[in-house]
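This report describes helix geometry, helix packing and the surroundings of selected residues. The sequence and the structure come first, and the text that follows is meant to be read beside them.

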Amino acid sequence: MTRRAVARTLVYLSLIIAALVVLLPLGVVFLTSLKTPEETARGGGALTLPHDLFNLHNYVTAFQDGQMLAAFGNTAFILVVSVGGTVVIGSMTAYAIDRFTFRFRKLVLALFLVAALVPGVTTQVATFQIVHSFGLFDTRWAPIALYMGTDIVSIYIFLQFVRSIPTSLDEAARLDGANAFTIYRKIIFPLLKPAIATVVIVKGIAVYNDFYIPFLYMPSQDLGVISTSLFRFKGPYAAHWETISAGAVLVILPTLIVFLCLQRYVYNGFTRGATR
């Protein structure tokens, strides 16, 4: 009993420490966003409470001067198209690999694995040349094409779920005259809801938080997403940490709300895909 109590105490202690490591920076950013420039200049500690807990002036400044509304619109467009395309391409690819027998099938899987292991930075020069040759540079379609075409992890997630679907369902549908696309659309795809939820959340958060690809392929200011718009605060607001913190809170808040509401789908999706 003593060992069990000590083990339980260590588990809870580690969880508390991990929670503090995650929540403490967020708390500092939130408190700083509510302070006035004078309070920020005086210092007094990162966790010092602001004089007015309902001071929203920094949020108004960040939203208006940072053009956050247009940034949210660009982000939403890229997010919806990229995630939707990833779900369709990933599920179709997984269905084709698992259900069809063709030459070099194992080689294709091996190449997918190799592609997942190659760091994306090492191929950016060639990727940039390809994107520019297609005329996609400085358009919203450049990151969309890259997000949809480089997500190997989603294919493996869908592949684990497709393998758990009995092939007898396919055979029964074929006896009723259904072709391969009909089987995918009416049988396979509806049964992939847990995997779809997992891919949508994981891919959505990755696209929402990405800075490198939008910054490199969309340099125009009117094409800014939330990450690049927040980065532009470093110019006129280089010393105004309260405004930068308010912009950071505006960027973090939607992701945090979505993840807290849908986190069980992430855990359930990965667990079910791994155990079936």
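## Packing of H8 against H11

In this predicted model, the residues Ser154, Ile157, Phe158 and Phe161 of H8 meet Pro194, Ala195, Ile196, Thr198 and Val199 of H11, where contact means heavy atoms within 4.5 Å. Helices here are DSSP runs (H or I, at least four residues), numbered from the N terminus. The axes of helix H8 (residues 152-163) and helix H11 (residues 193-209) come within 9 Å and cross at roughly 165°; these axes are lines fitted to C-alpha atoms over the stretch in contact, with angles running from 0 to 180 degrees between N-to-C directions. H8 and H11 are therefore roughly antiparallel to each other, given that angles under 35 degrees count as roughly parallel, over 145 as roughly antiparallel, 65 to 115 as roughly perpendicular and the rest as oblique. The crossing in which H8 passes H11 is right-handed, a term used when the near helix is turned clockwise from the far one by less than a right angle, anticlockwise being left-handed.

From its first C-alpha to its last, H8, with twelve residues, reaches 17 Å, close to the 16 Å expected at 1.5 Å a residue; the expected span is 1.5 Å times one less than the number of residues. Buried residues of H8 include Ile152, Ser154, Ile157, Phe158 and Phe161, where buried means under 20% relative accessible area, exposed over 50% and partly exposed in between (1.4 Å probe, protein chains only).

## Packing of H9 against H10

The axes of helix H9 (residues 167-175) and helix H10 (residues 180-188) come within 10 Å and cross at roughly 125°, and H9 and H10 are therefore oblique to each other. H9 passes H10 in a crossing that is again right-handed. On the H9 side the contact is made by Leu169, Asp170, Ala173 and Arg174, and on the H10 side by Ala180, Ile183, Ile187 and Ile188.

Leu31, Thr32 and Ser33 of H1 are buried.

Phe30, also placed in H1, counts as partly exposed at 41% relative accessibility. Not counting residues up to four places away in sequence, Phe30 touches Tyr59 and Val249, whereas Phe30 and Pro143, 113 residues apart in sequence, lie 30 Å apart in space, C-alpha to C-alpha.

Ser91 is found in helix H4 (residues 68-99) and is buried, with a relative accessible area of 0%. Its contacts, leaving aside neighbours within four places in sequence, are with Thr86, Phe158, Tyr184, Phe189 and Leu192; of these, Phe158 is also among the H8 residues that meet H11.

Asn209 lies in H11 and is partly exposed, with a relative accessible area of 43%. With neighbours within four places set aside, Asn209 is in contact with Ser227 and Thr255, and its C-alpha is separated by 8.8 Å from that of Ile252, which is 43 residues apart from Asn209 along the chain.

## Basis of the values

Residues are numbered from 1 along each chain as its sequence is written, and side-chain values use heavy atoms, with hydrogens and water left out. Because the model is predicted, local features need pLDDT of at least 70 and side-chain atom pairs count only at pLDDT 80 or more, while totals for chains, interfaces and linings use all residues.

How values were computed
Helix = DSSP H or I, 4+ residues; strand = E, 2+ residues; numbered from the N terminus.
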